[in-house]
Amino acid sequence: MIAPEQRDETDEAMDFSHADFRKVLGRFASGVTVVTTCDGEQRLGITVNAFTSVSLEPPLILVCIEKKSHLHQVMLRNGYFAVNVLTEEQHALSTCFAGHSEARRNFCDAPSHTAVTGAPVLDHSLGWLDCRIENVFPGGDHSIVVGRVQALGGGENRPLLYYRGKYPKLSKPSEG
Ligand SMILES: Cc1cc2nc3c(=O)[nH]c(=O)nc-3n(C[C@H](O)[C@H](O)[C@H](O)COP(=O)(O)O)c2cc1C
């Protein structure tokens, strides 16, 4: 039993399990992105749904990246990254860039090109944003990485969705 004077605000808020926390977070329906950067010639990527727009002027976005992911240090050292918004057809890339398969060592065999910064831009992605790092803020076991958009693009297709640990499909075709 911790004496009240020894508790901090974190203790007060922790009357729930890790599993409960994940369960509630999973009720937020999102799209799916792959955040990419390079380690020399090696292309690196991880699946990320903690992505949001921040500012229109200047054009800023943010992603939250787990500190122990292999991409974290490289991305911060490089000072650049790309966010690739996945289409329904790129479902397998979401799984691959979140796993530890042999294919992941080869960038999940995904074709890519570069824009301004040199970060890999996935071919056929629904949308992409090539960014230089503007700020990095602490966020527990993640870093909150704010990027200033240097170039962008995208195609017309259906988005990959993520909800309660699954990839549901849009019931009606969506427009570009
Ligand atoms: C749909 C989905 C969304 C994810 N979102 C994030 C995220 O926002 N930030 C993050 O750091 N990891 C996220 N992950 C987990 C990483 O993709 C996964 O842990 C990855 O393997 C980390 O890279 P590592 O193998 O180098 O540790 C997500 C995974 C999935 C399947």
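**Strands, ligand shell and backbone exceptions**

Visitor: Which residue in strand 5 stands opposite Ser53?

Guide: In this predicted model, strand 4, made of residues 51-55, pairs with strand 5 in the antiparallel sense, and the pairing runs over 4 bridges. Within strand 5, the residue standing opposite Ser53 is Ile61.

Visitor: How many residues lie between strand 4 and strand 5 in their hairpin, and which peptide bond is cis?

Guide: The loop between strand 4 and strand 5 contains Pro58. Most peptide bonds are trans. The hairpin formed by the two strands leaves 4 residues between them, and the cis bond, with omega at about 5°, joins Glu57 and Pro58.

Visitor: In strand 10, which residue is the bridge partner of Glu66?

Guide: Strand 5 also pairs with strand 10, residues 142-154, in the antiparallel sense and over 7 bridges. Glu66 belongs to strand 5, which spans 60-66, and Glu66 is also among the closest residues around the ligand. Its bridge partner in strand 10 is His142.

Visitor: Which elements each supply at least two residues of the shell around the ligand?

Guide: The ligand is surrounded by 16 residues, and the closest of these are Ala50, Glu66, Ser69, His70 and Ala98. By class, the shell divides into 9 nonpolar, 6 polar and 1 charged. The elements that each supply at least two shell residues are strand 3 (42-48), strand 5 (60-66) and helix 3 (70-78).

Visitor: Which residues have the most contacts inside the largest nonpolar core?

Guide: In soluble globular proteins, nonpolar side chains tend to be buried together. In this chain of 176 residues, 27% are buried, and the largest nonpolar core has 34 residues. Setting aside neighbours within four places in sequence, Val35 is in contact with Gly45, Ile46, Val48, Val63, Ile65, Leu71, Phe81 and Val83. The core residues with the most contacts inside it are Val35, Ala82 and Val83.

Visitor: Is Cys108 buried or exposed?

Guide: Cys108 lies in the loop between helix 5 (102-105) and strand 7 (112-114), and its phi is near 55°, a positive value in a residue other than glycine. Most residues other than glycine have a negative phi. The cut-off for burial is 20 or more other C-beta atoms within 10 Å, and because Cys108 has 21 such atoms within that distance, Cys108 is buried.

Visitor: How many other C-beta atoms lie within 10 Å of His124?

Guide: His124 has a positive phi of about 70° although it is not a glycine, and it lies in the loop between strand 8 (120-122) and strand 9 (127-139). His124 is partly exposed, and the number of other C-beta atoms within 10 Å is 16.

Visitor: What share of the contacts with a separation of 6 or more comes from residues 24 or more positions apart?

Guide: The secondary structure of the protein chain comes to 5 helices and 11 strands, and its C-alpha atoms fill a box of roughly 55 × 40 × 40 Å along the principal axes. Among contacts with a separation of 6 or more, the share from residues 24 or more positions apart is 62%.

Technical notes:
Residues numbered from 1 in each chain as written. Predicted model: local features only at pLDDT ≥ 70, side-chain atom pairs only at ≥ 80, totals over all residues. Near = placed C-beta within 6 Å. Nonpolar A, V, L, I, M, F, W, Y, C, P; charged D, E, K, R; others polar. Pairing = 2+ DSSP bridges. Buried ≥ 20, exposed ≤ 12 C-beta atoms within 10 Å, placed from the backbone. Contact = placed C-beta atoms within 7 Å. Core = buried A, V, L, I, M, F, W, Y, C linked by C-beta atoms within 7 Å.
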